[in-house]
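Me: I would like to learn how to read a ligand site and a pair of aromatic rings in a model. Could we go through them in turn?

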Amino acid sequence: MSTVSPSLDLDFVRSYFPALQSGFTFMDNAGGSQTLKPVVDKISEYLLHSDVQHGASYEVSVKAGEKVNDAIRELATLINAQDEKEVVMGPSSTMMFRILSLTLSKDWQAGDEVITTNSEHEANCSPWMDLKERGIVVKIWETDPETLEFNLEDLEKLITEKTRLVTMVHASNILGTINPVADVAAVVHKAGALFCVDGVALAPHRLIDVQAMDVDFYVFSCYKVYGPHSALMYGKLHLLEALPGINHYFIDEVPYKIQPGNKNFELTYGMSGLTDYLREVHDHHYPSDISSSDQEKFQKSFDLFATHEEQLANRLIDYLNSRPDVVVLGEASGDKNKRVATISFYHKTLSSSDFVVQVDPYRIGIRFGDFYAKKMVESLNLIEKDGVIRVSLVHYNTLEEVDALIRVMETIS
Ligand SMILES: Cc1ncc(COP(=O)(O)O)c(C=O)c1O
């Protein structure tokens with residue numbers, strides 16, 4: 001096994017994303033990443049040659065079903081699920097949280113409690129808030145107002161014997177801060193409650209290991225992880241089996257009973273283009289380790305991404321920190337153990353919209369707004385500034401692109 005870590009070969013990874021050849025600089029990746037060519041190829045291959053209903057006895061149907069099942073197995077390996085039945089597919093993370101809230105709460109009683117946080121994208125907030133109509137008590141775990149980080153002691157004070165679920169974001173889609181979900185899981189489980197995590201803003205940047213985190217449910221959106229508009233929800237098998245179904249009354253198999261309308265076949269199959277890519281990234285950088293396990297390959301590819309993204313984040317944050325007229329929100333370093341490269345800030349005098357429209361003519365896509373984490377932006381008193389300015393970088397961005405953005409920002413005051 002080689003010991004020296006190579007650096008990410010940018011030409012190699014960028015060659016997998018045709019959109020990057022346009023010369024446009026994509027820095028709104030937390031809104032949606034560019035799509036891998038292997039993903040697009042698989043989607044079109046499926047639609048052109050396998051586009052039939054599954055479950056019939058004829059050959060094309062059998063083969064189409066096998067393709068999609070193979071892709072589900074790939075995704076189960078990717079997130080280190082124990083069983084492929086733990087992978088639930090749906091149209092969006094927003095829909096996944098809604099479905100989860102509908103099914104999970106079916107046997108909850110008035111007075112039962114749910115805890116969510118003030119750092120959520122609304123997708124992991126409204127479905128729980130709406131349960132108030134049924135007498136469910138919803139509590140909000142607030143970040144420390146100074147550090148914008150969570151203290152476990154605050155959670156411990158909120159949990160009671162009536163707490164049924166704690167649900168929180170793994171990385172904030174505004175701050176980029178990585179929350180200590182494995183530690184939270186231990187506290188939640190000690191209290192006998194369930195733990196759900198919104199991994200949407202983390203999944204493009206780090207390998208997800210659902211067993212290591214000991215989460216009960218974990219959700220992310222494929223279109224932010226170099227794939228198409230669909231979403232994945234992991235659930236522990238025994239919990240999914242116990243959930244009341246929300247599909248037709250005669251469907252009780254997992255995960256179909258909580259996949260109303262079924263999964264999208266071509267988009268699910270397309271996602272196996274991501275695991276192919278991660279293997280190829282590994283084998284390109286570690287040619288003497290090509291017999292490593294899939295899990296090892298996925299981990300080492302994401303480690304390459306994280307190290308590169310840390311350099312990008314440091315370059316941008318160091319620049320922003322040097323400007324007296326700008327305030328970086330959350331962790332003010334690129335430290336990969338603390339944050340992903342989703343970086344938000346505001347300008348002390350300009351509104352966020354006035355700032356961003358001055359960048360637009362340079363064909364660099366950054367963005368302003370609340371990014372549906374409205375409650376957080378409200379609590380930061382930034383609504384009147386048109387929200388925050390967000391630059392969200394992923395592994396295919398380059399230091400040259402960050403430098404080009406910095407040169408443009410130098411002209412804005
Ligand atoms: C942290 C987070 N959670 C949930 C969502 C919603 O995902 P989807 O668009 O798949 O519904 C987003 C979308 O931006 C997000 O950033």
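Me: How many Å is a nitrogen atom of the ligand from an N or O atom in the side chain of D198?

Reply: This is a predicted model, in which local features need pLDDT of at least 70 and side-chain atom pairs count only at pLDDT 80 or more, while totals for chains, interfaces and linings use all residues. Residues are numbered from 1 along each chain as its sequence is written, and side-chain values use heavy atoms, with hydrogens and water left out. A polar contact with the ligand is a pair of N or O atoms within 3.5 Å; in the case of D198, the distance to the ligand nitrogen is 2.6 Å. For K224, a polar side-chain atom lies 2.5 Å from an oxygen atom of the ligand. Of the 390 Å² that the ligand exposes when taken alone, the protein buries 90% (Shrake-Rupley method, 1.4 Å probe).

Me: Which geometry does the aromatic pair of Y226 and Y396 have?

Reply: A pair of aromatic rings is described by the distance of the centres and the angle of the planes. Rings of Phe, Tyr and Trp (its six-membered ring) pair if their centres lie within 6.5 Å, and planes under 30 degrees apart count as stacked, over 60 as edge-to-face and the rest as tilted. By this rule the count comes to 14 aromatic pairs. Y226 and Y396 are edge-to-face, at 6.1 Å centre to centre with 65 degrees between the planes.

Me: Is Y226 buried or exposed?

Reply: Y226 is buried, with a relative accessible area of 0%, where buried means under 20% and exposed over 50%, with partly exposed in between (1.4 Å probe, protein chains only). Y396 is buried, also with a relative accessible area of 0%.

How values were computed
Polar contact = N/O pair within 3.5 Å; in protein donor to acceptor, adjacent residues only side chain to side chain.
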